[in-house]
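Open the model in your viewer and keep the selection tool at hand. This tour moves from one selection to the next, and at each stop it says what is there.

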Amino acid sequence: MAVAMSSTCPGLYCGRIMINESVMGECGVCPRGERTNLQRVCERCSESPELYDWLYLGFMAMLPLVLHWFFIEWYSGKKSSSALLQHITAMLECSVSAVVTLLVSEPVGMFSIRSCRVQMLSDWYTMLYNPSPDYVTTLHCTQEAVYPLYTIVLIYYAFCLVLMMLLRPLLVKKIACGLGKSDRFKSIYAALYFFPILTVLQAVGGGLLYYAFPYIILVLSLVTLAVYMSASEIQSFKNLVAKKKRLVVLFSHWLLHAYGIISISRLDKLEQDLPLLALVPGPALFYIATAKFTEPSRILSDGGNGH
């Protein structure tokens with residue numbers, strides 16, 4: 001038993017490398033694309049990502065696109081035609097970046113990735129679990145135990161940034177003539193701020209986001225929908241369908257609601273989980289049904305009348 005114990009590597013992520021089906025070398029960090037098994041031997045990641053993993057990657061891929069759209073809308077002013085072209089370009093940049101990222105990930109040239117299964121939160125933060133067997137020397141076994149969920153997002157952001165710098169300035173210079181010289185590039189400047197922020201967010205909080213993103217999507221999509229409907233003074237279905245843009249915003253939020261519900265349920269039991277999608281229009285319908293009762297002018301007039 002003592003021999004078996006001594007042959008096992010310390011810590012959660014230290015392992016021995018296997019060569020020609022025989023275990024070789026001292027305990028240490030596993031090569032990229034491998035992680036330790038229960039016997040503390042480095043094993044190649046050969047599984048496919050689960051639905052939840054793809055949904056997480058989709059969420060991280062959506063973040064720059066949503067932020068692009070927000071800042072393009074914020075800085076475009078009244079020129080809806082230039083804004084639309086910029087929206088389309090931003091979507092093209094993110095889509096091409098996603099495709100290229102998948103193609104350069106292993107297996108190279110295929111629209112699939114091989115991955116290690118995420119088992120617990122500590123898998124995202126292996127640098128915090130380097131063991132000290134003799135309480136003096138630290139055995140450094142920092143690795144990507146969630147391969148490739150950690151680095152693939154950072155690679156995707158790099159491609160997004162490069163494509164944006166190649167395409168967007170030329171497009172904006174051509175079409176945004178109505179805006180001032182300082183205003184027309186503001187959405188690009190904003191991206192130069194939020195890409196480093198997203199990178200740090202993934203690097204530091206990737207593991208937390210992995211477990212929390214379904215709830216983040218639901219809460220933010222509900223809040224932003226309520227804010228938008230309030231700011232646009234939508235109090236009836238007539239107000240809602242008056243402009244196509246309002247319907248686009250509504251359906252976009254409904255897609256986000258559905259995305260969040262699917263991410264939470266993971267569609268483990270289809271017959272139980274699919275009916276939950278019927279709740280998607282609920283918040284918007286509830287807002288429209290109750291908006292007239294919470295109108296500030298109505299409340300003030302009722303208060304003035306002593307009701």
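A disulfide here is a pair of cysteine sulfur atoms within 2.5 Å. In this model, which is predicted, that rule gives a count of 4 disulfides.

**First stop: Cys9 and Cys27.** Select these two residues and show their side chains, and you will find a disulfide whose sulfur atoms are 2.0 Å apart. The torsion about the S-S bond of Cys9 and Cys27 is about -90°, so this disulfide is left-handed. Cys9 lies in the loop between helix 1 (2-6) and strand 1 (15-19), while Cys27 belongs to strand 2 (residues 22-28), so the bond ties together parts that are 18 residues apart in sequence. Cys9 counts as buried at 4% relative accessibility, and Cys27 counts as buried at 18%.

**Second stop: Cys14 and Cys141.** Now select this pair, which forms a disulfide with its sulfur atoms 1.8 Å apart. Is it left-handed or right-handed? The torsion about the S-S bond of Cys14 and Cys141 is about 100°, so the disulfide is right-handed. Because Cys14 sits in the loop between helix 1 and strand 1 and Cys141 in the loop between helix 3 (80-104) and helix 4 (151-175), the pair ties together parts that are 127 residues apart in sequence.

Cys45 is in the loop between strand 4 (42-44) and helix 2 (51-75), and Cys116 is in the loop between helix 3 and helix 4, 71 residues apart.

Cys160 is accordingly in no disulfide. Cys94 is buried, with a relative accessible area of 5%, and Cys160 counts as buried at 1%.

The model holds 18 aromatic pairs. One of them is formed by Tyr156 and Tyr157, a tilted pair with 5.7 Å from centre to centre and 50° between the planes; both of these tyrosines are buried. Then select Tyr52, Tyr56, Phe59, Trp124, Tyr150, Tyr210, Tyr211 and Phe213, which ring pairs link into a cluster.

Terms used:
Residues are numbered from 1 along each chain as its sequence is written. This is a predicted model: local features need pLDDT of at least 70, side-chain atom pairs count only at pLDDT 80 or more; totals for chains, interfaces and linings use all residues. Side-chain values use heavy atoms; hydrogens and water are left out. Rings of Phe, Tyr and Trp (its six-membered ring) pair if their centres lie within 6.5 Å; planes under 30 degrees apart count as stacked, over 60 as edge-to-face and the rest as tilted. Buried means under 20% relative accessible area, exposed over 50%, partly exposed in between (1.4 Å probe, protein chains only). Helices (H or I, at least four residues) and strands (E, at least two) are DSSP runs, numbered from the N terminus.
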